[in-house]
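Please read them with the structure open.

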Amino acid sequence: MDQIILQFLNGLDKGSAYALIALGLTLIFGTLGVVNFAHGALFMIGAFCAVTVQRILTLSTVVEDPTKTDFLGNPAKISTPYVESWFGPEMGAALIDWSVPLAIVFAIPIMVALGFIMERGLIKHFYKRPHADQILVTFGLAIVLQEVIKAFYGANPIPTGAPEVFRGSFDFGVLIGFDPNAIIYPYWRMVYFAFAAVIIGAVFAFLQFTTFGMVVRAGMADRETVGLLGINIDRRFTIMFGIAAAVAGLAGVMYAPINSPNYHMGMDFLVLSFVVVVVGGMGSLPGAVLAGFLLGILEAFASMNEVKAIFPGIDQIIIYVVAIIIILTRPRGLMGRKGVMEE
Amino acid sequence: MSNSNFTRRGVLKTGSIAGAGLALPTYLSAAAHSGFTNAPTGDTVTLGFNVPQSGPYADEGADELRAFELAVEHLNGQGDGGMMSTFSSKVLDGTGIMGKKVDFVTGDTQTKSDAARASAKSMIEKDGAIMISGGSSSGVAVAVQGLCQEAGVIFMAGLTHSNDTTGKDKKANGFRHFFNAYMSAAALAPVLEQLYGTDRRAYHLTADYTWGWTQEESIAAATEALGWDTVEKVRTPLAATDFSSYIAPVLNSGADVLVLNHYGGNMVNSLTNAVQFGLREKQANGKNFEIVVPLYSELMAKGAGRNIAGIVGSQNWDWKLENEKGDRYAGTNAFVKSFGEKYGFPPSQAAQTCYAQTLLYADAVTRAGSFNPCAVVEALEGFEFDGLGNGPTLYRAGDHQCFKDVVVVRGKENPENEFDLVEIVEVTPTEQVTYPVDHPMFSGGALGSCNPGA
């Protein structure tokens, strides 16, 4: 039983990342009709925003300490971060410790701007082209972005820790009547789940309860009619692209402490998130979120030793098996609109 | 307006015939003269360095390449000579190899067997490389070794740790300086016994490919011989990034040791996830829960950050070896000085093995008095040497595996700087890690005979 609860929590956590990326993917597909294969790269760039903020906060003055030597026997160089010199050691250390949450503030404008540049500079030229062309150009863009990151940061993963207070794990089992230490779960993963829930809620509220969101939804349903009413729907869709990029970026920022960021982490998530979108229904926002959590949970359960004993290797294919079944039985996906992907 | 009569088809046809015509004599002439592939005819000799320049092991590949460049510099008489001055064999004199200036070409393995074979093939056929070295994966090493055997050139393996490279997939033209999974396990076992006792229950997470399998087999056999129980062996996909679903079952499995048979990004992520799930602070069966990573590298330690503190593993070499363990490891400081002054940081174990392999090849050619691969094989087989940083070493004739001391390390609790990530716990002497050529973990396949090509 404890294993089932643990894997359920793992599934929610994996599902959070899938849902956040798939939400952005489907937002772009629903508004602009573009299949954005560079979306995983936006997630990766978000994670590197966290790395960058950590690096900025640890920029240091370097002085030689003649009492110590480095590996070559020369005087050792001692670094003191500027923030520690400016704000005092305690405040400086606290700022460095909280670099990941601080990176959220830094990442939002960067990701929105990057989304604008991507959409206006490249993707808008492909609106009238077939989906295959859109996939090729955005996939190419993803490769370019990841190579740029590799050129600046290297290929090795870069550790980017969560704040000290969130580093341990929480004894979840005691709360629900299990023995101590039977079900423990990392604090940061719980923070990630809560963060994902807030972001998903915020995106839905924005679309549901604001005039801007209402126009966007109207545009998603019938772009031409909204245009005929004299509304510049293109500009609003460009803004939605920026918002989708920010959602992927924030998902990446908060993911940095879970697994050390590296330049190909976007690709690792992209294919799975694309499957999530297809299973949820192309263009359906609730579908993307539902499918994200559903596939995350299924993947977690498929990794259990008891399940693998019956179906060896099921953990590696479960998502694709589900995707095949859904596509065969319900081509429009779990919550897709009738007619989408069914012609 | 153009009056040209060129047609696309015509240009392609002519181009391909001309290209084939130009390429053919180069390959044949290179192969034909002295009865072996790519016999050097001018005043230079070309070596091919095949390292991952893209993909997840690109940083390791970059360090290998730095070491190769340094070795070539030293062979050509530039720089301070590095380990050439400490090497027990004194035939290298800084005038290249047998008076021929050393030139090199590089290829990108991408850590994929097919890409690695293609780049090695190109370096042999187009660039006339007479020896191929490098690589940072056993899958790649086995594939390229096979290609070099067929092509008739020498393969001096880089970072490859699977038993199979000098076990069931060994080849007469291939040589490995790096240690292997069996040696890691043999070196670790006594240290694990000393640190954690004989009554332990181990849970293995293993990367699902050749290296992972041999690593798991080796360390499980070594720890079971100590009296440890193996609770579970779980294979994880090589492409996995989040290991939480594989770590969660460890919590209540009854195990008190987690063995991570993972390398590179896999290991960084699985260790980070294990620490997040509180395994470092956990108590199980009345003991502290422990994590063991049989194969360590400095780059992995850097990627894992503070999570590496206290984790035990093994290395082929460490840059602090001579300072901490004395003159037996002569050559270490000379290499660290050359490398550190040129690049600004200490070399990794991947760099050391690649540097040593280049010098060993050059030395073997010079002692043999010929570039003929069969002469080189004869010079390297059974060759005993010292002064390359690992202490007295033997290149065993039966399987072309180097036998030398193995370094057992532990992640440092309070590193003083970014290079000070691991501490040396013990150096396990060669005798304890030596095994017979026909050991069951290395059985199957035969060395065969050397192939000079041509």
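This is a predicted model: local features need pLDDT of at least 70, side-chain atom pairs count only at pLDDT 80 or more; totals for chains, interfaces and linings use all residues.

The points below go from the chains to their contact, then to single residues.

1. Local features are discussed where pLDDT is at least 70.

2. Chain A, overall. Chain A has 15 helices and 4 strands. Its radius of gyration is 22 Å, close to the 20 Å from the globule rule for 343 residues, so chain A is as compact as a globular protein of that length. Along the principal axes, its C-alpha trace spans about 75 × 55 × 35 Å. Buried residues make up 45% of the 343. Among contacts in chain A with a separation of 6 or more, 73% join residues 24 or more positions apart.

3. Chain B, overall. Chain B has 14 helices and 17 strands. A compact globule of 454 residues would have a radius of gyration near 22 Å, and the 23 Å of chain B agrees with that. The C-alpha atoms fill a box of roughly 85 × 60 × 45 Å along the principal axes. Of the 454 residues, 59% count as buried.

4. Where the domains meet. Contact between them involves 14 residues of domain 1 of chain B and 15 residues of domain 2 of chain B. On the domain 1 side, helix 2 (58–75), helix 4 (138–151) and helix 12 (349–368) of chain B each supply at least two residues. By class, that side has 4 nonpolar, 7 polar and 3 charged residues.

5. Where the chains meet. How many residues does each chain put into the contact? Chain A gives 33 and chain B gives 34. On the chain A side, helix 1 (2–32), strand 4 (184–186) and helix 12 (265–280) of chain A each supply at least two residues. Helix 1 of chain A has the largest share, with 7 residues. The classes on this side are 13 nonpolar, 15 polar and 5 charged.

6. The nonpolar core. The largest nonpolar core has 234 residues. Which residues have the most contacts inside it? They are Leu23(A), Leu258(B) and Leu359(B). The core draws at least three residues from each of domain 1 and domain 2 of chain B. Look at Leu359(B) in particular. Beyond its neighbours within four places in sequence, Leu359(B) is in contact with Ala71(B), Met83(B), Met84(B), Phe87(B), Leu92(B) and Leu388(B).

7. An unreviewed UniProt entry marks residues 16–35, 42–63, 98–123, 190–216, 237–258, 270–297 and 309–328 of chain A as "transmembrane region". Residues 237–258 of chain A are 86% helix and 0% strand, with end C-alpha atoms 32 Å apart. Residues 270–297 of chain A are also 86% helix and 0% strand, but their end C-alpha atoms lie 18 Å apart.

8. Gly292(A). Gly292(A) sits in helix 13 (residues 285–302) of chain A. Is it buried or exposed? It counts as buried, because 29 C-beta neighbours fall inside 10 Å and the cut-off is 20 or more. Leaving out residues up to four places away in sequence, Gly292(A) touches Gly15(A), Tyr18(A), Ala19(A), Ala22(A) and Val276(A). Phe195(A) is 97 residues away along the chain, and its C-alpha atom is 15 Å from that of Gly292(A).

9. Positive phi in chain B. Two residues deserve a check by eye. Met98(B) is not a glycine, yet its phi is positive, about 50°. Met98(B) lies in the loop between helix 2 and strand 2 (101–108) of chain B. It is partly exposed, with 15 other C-beta atoms within 10 Å. His400(B), also not a glycine, has a positive phi near 60°. His400(B) is in the loop between strand 14 (393–395) and strand 15 (402–403) of chain B. With 25 C-beta neighbours inside 10 Å, His400(B) counts as buried.

Key:
Residues are numbered from 1 along each chain as its sequence is written. Chains are lettered from A and ligands numbered from 1 in the order in which they are written. Two residues are in contact if their C-beta atoms, placed from the backbone, lie within 7 Å. Ala, Val, Leu, Ile, Met, Phe, Trp, Tyr, Cys and Pro count as nonpolar, Asp, Glu, Lys and Arg as charged, and the others, Gly among them, as polar. The radius of gyration is taken over C-alpha atoms; the globule rule is 2.2 Å times the number of residues to the power 0.38. A residue is buried if 20 or more other C-beta atoms lie within 10 Å of its own, exposed if 12 or fewer, and partly exposed in between; C-beta atoms are placed from the backbone. A nonpolar core is a set of buried Ala, Val, Leu, Ile, Met, Phe, Trp, Tyr and Cys residues joined through C-beta atoms within 7 Å. Domain bounds come from an automatic or database domain assignment. UniProt positions are given in the numbering used here, feature names are shortened, and annotations may be inferred rather than shown by experiment.
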